[in-house]
Amino acid sequence: MVFLEVAEAGSITAAAERLATSKSQVSKQLSRLEALLGAQLLFRSTRKLTLTEAGHAYLGYCRRLRALLRESAAAVRGLSGDAHGTVRLTVPQMFAGAFGAELLLAFHQQYPRISVALDVSVAERDLEEEGFDLAIRSSRELPPQLVARQLFLTRDWVVAAPALLAERGAPAEPADLARLPCVVHSRYHGGARWRFERDGR
């Protein structure tokens, strides 16, 4: 992963040497990643690179994801003397866009004989029935037969267009949302509750 290499190496030059590529290519990939995420990950100067707050957060996610991929490779390797075969992975579209390409490239470079069959979907999957080895999902609860590891926490945001608030007024408490039209994520269909927190409650 280009960002991970830059963050751990401390410079674009050192990262380019590790990745056996050019400094300009590393810079381009970093710029594309920041554009995709909509956030600046690094402060660049002629003397050094410094991680932004967003960069520190993203680095933590990347390290946990790298560990997960290594763990999956170790599991496959345990089936034989050499790591080879296919790992079937299902991930949400947003995750695939933000992390997928870099993670898969890094994984392939380390384990060239393992193929990754990637399913990009937010649909609920029966991992055993459909033959998936790994799934990355955002969930509060898991089926009891699955083994899970928390990669990171996500938060949902309730946002509104200024024109709507000007017309209907801003909600003062969660119950006020019932009088406003809402566009909701598919996982909230079927009467799922919206949970709000304030001061840890």
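View 1. The predicted model contains 0 disulfides, a disulfide being a pair of cysteine sulfur atoms within 2.5 Å. Cys 62 counts as buried because its relative accessibility is 1%, whereas Cys 182, at 41%, counts as partly exposed; buried means under 20% relative accessible area, exposed over 50% and partly exposed in between, with a 1.4 Å probe and protein chains only.

**View 2. Packing of helix α2 with helix α3.** Helix α2 (residues 12-19) packs with helix α3 (residues 23-37) at an angle of about 105°, their axes lying 8 Å apart, and α2 is therefore roughly perpendicular to α3, a term covering angles of 65 to 115 degrees. Ile 12, Thr 13, Ala 16 and Leu 19 of α2 are in contact with Lys 23, Val 26, Ser 27 and Leu 30 of α3, where contact means heavy atoms within 4.5 Å.

View 3. In helix α1 (residues 2-9), the buried residues are Val 2, Phe 3, Leu 4 and Val 6.

**View 4. Confidence along the protein.** The mean pLDDT, the predictor's confidence in each residue from 0 to 100, is 80 for the protein, and 88% of the residues score at least 70. Confidence is lowest in helix α5 (residues 93-110), with a mean of 75, and highest in helix α7 (residues 162-168), at 90.

**Notes.** Residues are numbered from 1 along each chain as its sequence is written, and side-chain values use heavy atoms, leaving out hydrogens and water. In this predicted model, local features need pLDDT of at least 70 and side-chain atom pairs count only at pLDDT 80 or more, while totals for chains, interfaces and linings use all residues.

Note on methods:
Helix = DSSP H or I, 4+ residues; strand = E, 2+ residues; numbered from the N terminus. Axes fitted to C-alpha atoms, helices over the stretch in contact; angles between N-to-C directions. Parallel < 35°, antiparallel > 145°, perpendicular 65-115°, else oblique.
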